[in-house]
Amino acid sequence: MANRPKRSGLCLLAGLAVLLQCGIHPASAREIDILAGLERLISPQQEVDKRAANASALVSGETSTRKPASGSAKGPYYVDFRARTAASWGHAFVWFGKTSERAVEVAGLTPAGDTVPYVLGHLTWVPSETKASYGDLDPQYLTASYRVYLNEPDAKRVFAYIKKLQESSPVWNAETTNCTSFIGSIAEFMGLKVPHRWQRPENYVNSLKAMNDGRQMIRLSSEQ
């Protein structure tokens, strides 16, 4: 994530919160949720500090503590669709890798930066990041998970698609190009049924699992 926002960024946040509250039309449920998130983002400075932590350090820490998967794994490779808590709406992302290895790769779509880009992303498109963000490797923040397994040939194709999606996702927007649409593109490429993206990440991942009857082994068709 980017460096901690300066005082001017927080002032801009406060101004945007006032504009949302004082609009000439009644506040929608979506706006109310955004305002609640803004209050949590502006007031607790500690949360801002946490979100500014270096994601690459989290990845290295995770790889040193995770144990290799047991022999009961459904396949040698996996993609894990995950959701976690965040300051407001939550976040959806994927883990992917090999079950016999400690290393895990993370992909997800977030605004590039911290509080200000997040707020502006509800109004327009903002630059994005697609790597690990703070909390993606911390189990205490996890709210939903749906792991599926792949053989090696299929895993190579899926992992290549994920990396291509990361490289071709330059912007983030809360309503359109958001985190649920990002992981939904991965699920759709794998041949899974996908729910609509306009729902909380936790609900999205749980719906994804339910729509596919908890299916664990995925085999790509020749057309994919």
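Asp213 counts as exposed, at 72% relative accessibility. Exposed means over 50% relative accessible area, buried means under 20%, and partly exposed lies in between (1.4 Å probe, protein chains only). Asp213 lies in the segment after helix H8, and its phi is positive, near 55°. Its C-alpha atom is separated by 10.0 Å from that of Lys193, 20 residues apart along the chain.

This is a predicted model: local features need pLDDT of at least 70, side-chain atom pairs count only at pLDDT 80 or more, and totals for chains, interfaces and linings use all residues. Residues are numbered from 1 along each chain as its sequence is written, and side-chain values use heavy atoms, leaving out hydrogens and water.

**Overview**

- The protein has eight helices and seven strands. Helices (H or I, at least four residues) and strands (E, at least two) are DSSP runs, numbered from the N terminus.
- Of the 224 residues in the protein, 46% are buried.
- Among contacts with a separation of 6 or more, 69% come from residues 24 or more positions apart. A contact means heavy atoms within 4.5 Å.
- The protein exposes about 11300 Å², and carbon and sulfur atoms supply 55% of that area. The areas come from the Shrake-Rupley method with a 1.4 Å probe; for residues, only the protein chains shown count as cover.

**The three-stranded sheet**

- Three strands form an open sheet in the order S4-S5-S7, with antiparallel pairing. Two strands pair if DSSP finds at least two bridges between them.
- Strand S4 (110-111) and strand S7 (171-172) are the edge strands, and each pairs on one side only.
- S4 and strand S5 (residues 126-129) run antiparallel and are joined by two bridges. Thr110 stands opposite Glu129 in S5. Pro111 has Ser128 in S5 as its bridge partner.
- Two bridges also join S5 to S7, again antiparallel. Here Pro127 has Val171 in S7 as its bridge partner.

**Asn178, between S7 and H7**

- Asn178 lies in the loop between S7 and H7. It counts as buried, at 6% relative accessibility.
- Its side chain reaches the backbone oxygen of Ala174 at 3.1 Å.
- The side chain of Asn178 also makes a polar contact with the side chain of Thr180 (3.0 Å). A polar contact is a pair of N or O atoms within 3.5 Å; within protein, one must be able to donate a hydrogen and the other to accept it, and residues adjacent in sequence count only if both atoms are side-chain atoms.
- Not counting residues up to four places away in sequence, Asn178 touches Leu109, Trp172, Asn173 and Arg197.

**Helix H7**

- Eight of the eleven residues of H7 are buried, so this helix is largely enclosed by the rest of the structure.
- The buried residues are Cys179, Thr180, Ser181, Phe182, Ile183, Gly184, Ile186 and Ala187.
- Their cover includes S1, S2, strand S3 (105-107), H6, S7 and H8.
- Gly191 follows H7, and its phi is positive, near 90°.

**Helix H8**

- In helix H8 (residues 201-211), the buried residues are Pro201, Tyr204, Val205 and Leu208.
- They cover an arc of only 95° around the axis, which puts them on the same side of H8. The arc is that of the directions from the helix axis to the C-beta atoms.
- These buried residues pack against strand S1 (77-84), strand S2 (91-98), strand S6 (142-150) and helix H7 (179-189).

**Nonpolar cores**

- In soluble globular proteins, nonpolar side chains tend to be buried together.
- The largest nonpolar core here has 35 residues. A nonpolar core is a set of buried Ala, Val, Leu, Ile, Met, Phe, Trp, Tyr and Cys residues joined through side-chain atoms within 4.5 Å.
- Val79, Phe81, Leu150, Phe159 and Met190 have the most contacts inside this core.
- S1, S2, helix H5 (115-120), S6, helix H6 (152-167), H7 and H8 each give two or more residues to it.
- Leaving aside neighbours within four places in sequence, Leu150 is in contact with residues including Gly75, Pro76, Tyr77, Val79, Phe159 and Met190.
- Another core, of eight residues, lies apart from the largest one. Among its residues are Trp95, Val106, Ala132 and Tyr149.
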